[in-house]
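Let's take a friendly walk through a protein structure and look at how side chains meet. Keep the picture at hand as you read.

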Amino acid sequence: MRKRQVVLRREEPPRSSSTNSSLTSRSVRYAECQKNHAAGVGGYAVDGCREFMASGEEGTTAALTCAACGCHRNFHRREVETEVACDCSSPPPFNGA
């Protein structure tokens, strides 16, 4: 059995600049279930659920349970996609006059 090391990194909020304005959009997607169903007996077995599907409406407790495998959303691998749209217009050139 191979073990996999995962390194988590915190992102610092972008520093504000007076000449540049940017818009950051983040979308979160929950992928395959990683719950170890054989942990009680010292083994490793996952259920094969490939993607989290909420079993209820957003804002309810049922929205945190996967409709496919019945596990809590925290057992599914979290993927965060960050998109930055930048209006990087440069300031007008200096005349020296």
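A salt bridge is a side-chain nitrogen of Lys or Arg within 4 Å of a carboxyl oxygen of Asp or Glu. With that rule in hand, a search of the whole structure turns up four salt bridges. Before we visit some of them, note that this is a predicted model, where local features need pLDDT of at least 70, side-chain atom pairs count only at pLDDT 80 or more, and totals for chains, interfaces and linings use all residues. Residues are numbered from 1 along each chain as its sequence is written, and side-chain values use heavy atoms, with hydrogens and water left out.

Start with Arg29. Its partner Glu51 forms a salt bridge with Arg29, and the closest N and O atoms are 3.8 Å apart. Glu51 lies in the loop between β1 (21–33) and β2 (76–87) while Arg29 is in strand β1, so this pair ties together parts that are 22 residues apart in sequence. (Strands are DSSP runs of E with at least two residues, and helices are runs of H or I with at least four, numbered from the N terminus.)

Arg29 also meets Glu79 in a salt bridge, at 2.5 Å from N to O. Here the link runs between strand β2, which holds Glu79, and strand β1, which holds Arg29, 50 residues apart.

How open are these residues? Buried means under 20% relative accessible area, exposed means over 50%, and partly exposed is in between (1.4 Å probe, protein chains only). Arg29 is partly exposed at 37%, Glu51 is partly exposed at 39%, and Glu79 is partly exposed at 26%.

Next, find Arg77 and Glu32, whose side chains form a salt bridge at 2.7 Å, N to O. Arg77 is in strand β2 and Glu32 in strand β1, 45 residues apart. Salt bridges that share partners join Arg29, Glu32, Glu51, Arg77 and Glu79 into one network.

Tyr30 lies in strand β1 and Phe52 in the loop between β1 and β2, so the pair ties together parts 22 residues apart in sequence. Both Tyr30 and Phe52 are buried.
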